[in-house]
Amino acid sequence: SEPIIRLENVSKIFKLGLLGKTMIKAVDRVNMDIREGEILGILGESGSGKSTIARLILKIYEPTSGRILYRGRDIKEYRGSKGLKEYYRKVQGVFQDPYASFNPRRRVLDVLRDVMKNYYPITSLQDIDREIGLTIEKVGLSMSDVIGKYPHEFSGGQLQRLSIARALLVKPEVIIADEPVSMVDASTRIDILNIFIDLKESEGISFAIIGHDLGLTRYVSDRVVVLYRGQIVEEGSAEILSEPLHPYTQMLAKSIPRIDKKWESKLEYSVGSIELGARGIG
Ligand code: ADP
């Protein structure tokens, strides 16, 4: 079947310096699909282009070349505030730092109400709160956890759950999650990843989940692409990570057994962040 999101030969070049003479190819001719009902893991070390891909799909950046299609339609056709809103009804984002994605001066419940008022303007406040309550339960919290509170009154894990709830309120088909667990407590990472798996299964939402941690990315994903210097170097079912072809992925994969053992016991594992850059592969 047709993918929900398709990247066709997508590149993104940043020009730096006063004269724009320094060019950084953050994303280099990437072809990638997000298919119906799957969790696609986008894996790669820091600087490999993962966030840039998320931002391209979320229309924060425009591709330098290539096309991004949503159900066959070039997403650059979603223009202006009306077009963007139509797009964001279907495609939502969750970002790394939940504190940065909530206005610190607004109560979280008010932010969630604003989303509902913006997307469902004729709904009564009573119905809005009922919908918010149901949505908050999907991420493992309840209305009483949230009432009256400002962002800083939540733990990082709770606030990340609420940013997932915010994305869910518009009933999107796809959620692009950019390193959604790398800033939350190690002990709650699996719980948050399990929310994505539950949402996929119970609501049929598709996901692209970006990560630099091979163990966690493999855990949550049905399919994985591995990025290295802006290019996809490996792609396939999550199992490919057990026997990767590319030397870069082989290097990443070396840490899997250690991670697996630790998460069986659900202990904290900090080996998850693998800093490979310094070893100079490729
Ligand atoms: P990742 O998410 O895998 O860490 P990024 O997509 O953030 O990687 O970055 C890929 C490359 O593009 C890096 O070299 C980064 O410095 C560069 N880059 C990302 N965003 C910008 C930007 N807005 N301006 C200039 N360079 C950028």
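User: Which residue has its backbone oxygen 3.3 Å from a polar atom of the side chain of S206?
Analyst: A friendly note first: this is a predicted model, in which local features need pLDDT of at least 70, side-chain atom pairs count only at pLDDT 80 or more, and totals for chains, interfaces and linings use all residues. Residues are numbered from 1 along each chain as its sequence is written, and side-chain values use heavy atoms, with hydrogens and water left out. S206 sits in strand β8 (residues 206–211), where helices (H or I, at least four residues) and strands (E, at least two) are DSSP runs numbered from the N terminus. The backbone oxygen that lies 3.3 Å from a polar atom of the S206 side chain belongs to R35.

User: Why does R6 count as partly exposed?
Analyst: R6 is found in strand β1 and, beyond its neighbours within four places in sequence, is in contact with M32, D33, R67, I68 and L69. R6 counts as partly exposed because its relative accessibility is 32%.

User: Which side chain is joined to that of R6 by a polar contact of 2.8 Å?
Analyst: A polar contact is a pair of N or O atoms within 3.5 Å; within protein, one must be able to donate a hydrogen and the other to accept it, and residues adjacent in sequence count only if both atoms are side-chain atoms. At 2.8 Å, the partner of the R6 side chain is D33.

User: How far from D178 is R55, the nearest side chain of opposite charge?
Analyst: D178 lies in strand β7 (residues 174–178), and the D178 side chain makes a 2.7 Å polar contact with the side chain of S51. Lys and Arg count as positive and Asp and Glu as negative, with His and the chain ends not counted; a salt bridge needs a side-chain nitrogen of Lys or Arg within 4 Å of a carboxyl oxygen of Asp or Glu. D178 is buried yet has no salt bridge, and R55 is away by 5.2 Å.

User: Which element gives the largest share of the shell around the ligand?
Analyst: Around the ligand there are 13 residues, of which G47, S48, K50, S51 and T52 come nearest; a residue is near if one of its heavy atoms lies within 4 Å. β1 (5–16), β2 (22–34) and α1 (50–57) each supply at least two residues of this shell. The largest share, three residues, comes from α1.

User: How much of the ligand's area does the protein bury?
Analyst: Oxygen atoms of the ligand lie 3.0 Å from a backbone N or O atom of S48 and 2.6 Å from a side-chain N or O atom of T52. Taken alone the ligand exposes 560 Å², using the Shrake-Rupley method with a 1.4 Å probe (for residues, only the protein chains shown count as cover). Of that area, the protein buries 67%.

User: What share of the protein's residues count as buried?
Analyst: The protein has ten helices and ten strands. Its accessible surface comes to about 13700 Å², with 49% belonging to carbon and sulfur atoms. Of its 282 residues, the share that counts as buried is 50%.

Conventions: Buried means under 20% relative accessible area, exposed over 50%, partly exposed in between (1.4 Å probe, protein chains only). Contact means heavy atoms within 4.5 Å.
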